[in-house]
Amino acid sequence: MKIAESEVIRKITWEILNLFKVEKNIFAKNPEHDLTNGKLTTKIFLKEKEIEISDEINPNEIERAEIHRVIKKNLYTIFIRELKKNTVPYGIMHGVRPTKIIHRWIRAGEKNITERLQKEYLVSEEKAKLMLEIATRQIDILKNSDEKTVSIYIGIPFCITRCKYCSFASNVLPNDKKISEFMTALTKDIKAAAEEIERYKFKVQNIYVGGGTPTSLPEKYFALLLEMIYNLFWHEKILEFTVECGRPDTITDEKILLMKKYFVSRVSVNPQTMQQRTLEKIGRRHTPKEIIKAYERIRELTNFEINMDLILGLPGEKLSDVIDSVEKVLKLNPNEITIHALALKRGSQMQMNISDEKEKIEEMELPKDEEVREMGKITEKMLREKNFLPYYMYRQGYISGQIENIGYSRDGAIGIYNVQIMDERQTIIGMGAAATTKVINFKKNCLQSTFNAKDLKTYIEETEKYTDKRRKLLKEIYGGGENDL
């Protein structure tokens, strides 16, 4: 059976080309794929040379998914062999949530998971063991949920400034009139979600307020937001109430005390780097000293669990800079440290500058992939030595070093919402600009989603449209109300 080229297969081919930074015109004509007797054969034409490779389809998996996997594997193998490309840590595993497949195999009773990852996805032994370690650490958390247990996410799309690498739907904080309009729309959104939670008698497990930077809101609006969340969603059995403080230049004593008053339990203070020259390069208007000051004030005034983010692969940074940043963050003794690898996605100023040829990659002084991988190895070693263990991960397209974003926590400080959102085994009800509602259909064993507008103006003007889409999705899956469950 000859497999016709489809949009998915074109996307798969482009993924592998991009993985090795190979131009599409390397092919004399498009690759051809045949499936015969459970074996998929890929034929490509590199200039005048015809190359053919075959691999077996796993009969215990969905055939369509297996065809896509083997196409990727065949192309990857050809490029390694014929173009002398170096292998990459995650092989052909390109999804955002790589541990999801591990959990599926665990539930199915698979015993040889690391070996299977290496054989079928060409993942390195090191990364295969890391994924299994993380997935195993998550099992008890994922068990602590059911059809009626949900988490909620509230998106605040504002920041004091926009980081040059940022591709999120975030706006530089507007004037008071526009903030007021947003808060009016958000209030409608939150109240509509609260009605749905009451209708279906959902149990809210975690509350997560993200963005953007929620603490960029002026104090009067920040107080209104927290009071509304507390009155509508908080209860004594909430496991986590998280607010992303993110930027230290948005954290004040008044906002810290407001969070304490309304029972926030977890916050983030995200330096990204402790190097002043890098902070200036990426568009952050604060200093390492301000990071330390904000952290220490939260510690003095509350007993919050604190996460701190660092990014590997920032422009101009060397391994020595990363080591210095990690040492300084460890000295503060947070409960959790999340290590990201820079991913220049569409929508970021840095990526647009490259596309418009305003700035070349070389001029940005971005570390090479090999150096970013070394940064990741050294960082992991430093964190493990201080008893920080990896507990969740995700990956992005165009990620530096082809590594991962990974959260490390001290014992007892695992971020439960992070685990739930990454494994997608719990319904997440989203409110706010750019928020997503992800509803688990337990009967069909699938995930269904609805999305709020990313554009601030559209979200404000069409709030009821998005609350209605969320209401219809919940009704489709859960029925008309409590009595229909």
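Start by selecting phenylalanine 263, which is partly exposed, with a relative accessible area of 41%. Keep in mind that you're looking at a predicted model. Phenylalanine 263 sits in the loop between helix 8 and strand 10. Check its backbone too: phi is near 65°, a positive value in a residue other than glycine. Why point that out? Because most residues other than glycine have a negative phi.

Tyrosine 230 is itself partly exposed, at a relative accessible area of 27%.

Next, bring in tryptophan 234. Tyrosine 230 stacks with this one as well: the centres are 5.5 Å apart, and the planes make an angle of 25°. Tryptophan 234 is partly exposed too, with a relative accessible area of 23%.

For another stop, select Phe20, Phe27, Tyr76 and Phe79, which form one aromatic cluster.

Time for some helices. Show helix 3 (residues 99-107) and helix 5 (residues 125-143), which pack at an angle of about 65° with their axes 9 Å apart. That angle makes helix 3 roughly perpendicular to helix 5. Which residues of helix 3 and helix 5 make the contact? On helix 3, pick Thr99, Ile102, His103 and Ile106; on helix 5, go for Met131, Leu132, Ile134, Ala135, Gln138, Ile139 and Leu142. Colour them by type and you get 8 nonpolar, 3 polar and no charged residues.

Now hop to glycine 212, in the loop between strand 8 (203-211) and helix 7. Is the peptide bond from glycine 211 to glycine 212 cis or trans? It's cis, with omega near 20°. That's worth a look because most peptide bonds are trans.

Last stop: glutamate 424, found in the loop between helix 15 (416-423) and strand 15 (427-432). Here phi is near 55°, again a positive value in a residue other than glycine. Is glutamate 424 buried or exposed? At 14% relative accessibility, glutamate 424 counts as buried, since the cut-off for buried is under 20%.

Notes. Residues numbered from 1 in each chain as written. Predicted model: local features only at pLDDT ≥ 70, side-chain atom pairs only at ≥ 80, totals over all residues. Heavy atoms only, no water. Axes fitted to C-alpha atoms, helices over the stretch in contact; angles between N-to-C directions. Helix = DSSP H or I, 4+ residues; strand = E, 2+ residues; numbered from the N terminus. Parallel < 35°, antiparallel > 145°, perpendicular 65-115°, else oblique. Contact = heavy atoms within 4.5 Å. Nonpolar A, V, L, I, M, F, W, Y, C, P; charged D, E, K, R; others polar. Phe/Tyr/Trp six-rings, centres within 6.5 Å; stacked < 30°, edge-to-face > 60°. Buried < 20%, exposed > 50% of the residue type's maximum accessible area, 1.4 Å probe, protein only.
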